[in-house]
Amino acid sequence: MGMVASMCTEPIKRRRAEKDLDDKVAAALRERARSQQRTFRTVNSITMRLPRFKDGLRDIKDVFDQYDEDSDGTIGNDELRSCLGKLQVQMSDKEADDVHRYCDIDRRDGIQFQEFVVLLCLMYLLFGPDVTRRVSEFESAKLNHVFDELIDAFLFFDKDGDGKMKRKDVTRRMNEASHQERTSSHITAQLFKEMDLNRNGEVNLKEFLYSIIRWAGHETEDDDASNEGSP
């Protein structure tokens, strides 16, 4: 009975953790949108930054390997708590567990590299640049720049500023440049489908970041194999 009860409550815990962290991220995004100028004005300007994103993300792989203490390609719950401790992010064990659930996007029972990048970017948004300084004193300015641009790319599409990107937002942004031909609805629908990982009709920041990392070319062979059935 205990095992059955645990299996039933796990999805509830995950949904609660998702909502709580989504709300915190949305509040941080609203504050950022009010206090800073937008970096991007066209979809093309974001697309042109993908090589720079890829270059910046390469530096995080060494950091991931440091926290992956057993070198199995995954950061488990204990390793994540160790990571958060070294980053001096003040969280209770429950909050650390919630972050683990939230960032375990593919639900493979651990944080893989792409998810680790999402985690660091979210910690940067929620706790500020001290996080990246503790990741790497030497590379902190570069990481800050990459995370700033990734977050601003999401805000470019998030018209309502509520932390949730809708398909209509993507369509509008894809077609707002008057000197370009309109993007076909099929392409826009496919693009949104690839980002909407949980198929709820909305894309939050973590889904957007996860997708951008894929498009920038940062996938391991295991990630490729696991995504073969993805749209």
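Helix H1 (2-35), helix H5 (93-103) and helix H6 (113-127) each contribute at least two residues to the lining of the largest cavity, helices here being DSSP runs (H or I, at least four residues) numbered from the N terminus. The structure is a predicted model, in which local features need pLDDT of at least 70 and side-chain atom pairs count only at pLDDT 80 or more, whereas totals for chains, interfaces and linings use all residues. Residues are numbered from 1 along each chain as its sequence is written, and side-chain values use heavy atoms, with hydrogens and water left out.

A search of the whole structure returns 1 cavity of 30 Å³ or more, a cavity being a set of points on a 1 Å grid over the protein atoms alone where a 1.4 Å probe fits but cannot get out, with lining residues having an atom within 4 Å of a point. The largest cavity holds about 30 Å³ of space, the volume being that filled by probe spheres set on grid points joined across faces, edges and corners. Its lining consists of Leu21, Val25, Val99, Tyr102, Cys103, Leu122, Met123 and Leu126, which by class amounts to 8 nonpolar, no polar and no charged residues; Ala, Val, Leu, Ile, Met, Phe, Trp, Tyr, Cys and Pro count as nonpolar, Asp, Glu, Lys and Arg as charged, and the others, Gly among them, as polar.

Of the 34 residues lining the largest pocket, Glu18, Leu197, Asn198, Lys206 and Glu207 are the closest to its centre. Two or more lining residues come from each of H1, helix H10 (185-195) and H11, and H1 gives the most, with 9 residues. By class, this lining has 10 nonpolar, 6 polar and 18 charged residues.

Helix H8 (residues 140-157) packs against helix H11 (residues 205-215) at an angle of about 115°, with the axes 10 Å apart; axes are lines fitted to C-alpha atoms, for helices over the stretch in contact, and angles run from 0 to 180 degrees between N-to-C directions. In this packing, Leu150, Ala153, Phe154 and Phe157 of H8 meet Leu205, Phe208, Leu209 and Ile212 of H11, where contact means heavy atoms within 4.5 Å. The contact of H8 with H11 comprises 8 nonpolar, no polar and no charged residues by class.

Ser140 is also located in helix H8 and, not counting residues up to four places away in sequence, touches Thr132 and Arg133.

Notes:
On a 1 Å grid over the protein atoms alone, a cavity is a set of points where a 1.4 Å probe fits but cannot get out, and a pocket is an open set with protein on both sides within 12 Å along at least five of seven lines; lining residues have an atom within 4 Å of a point.
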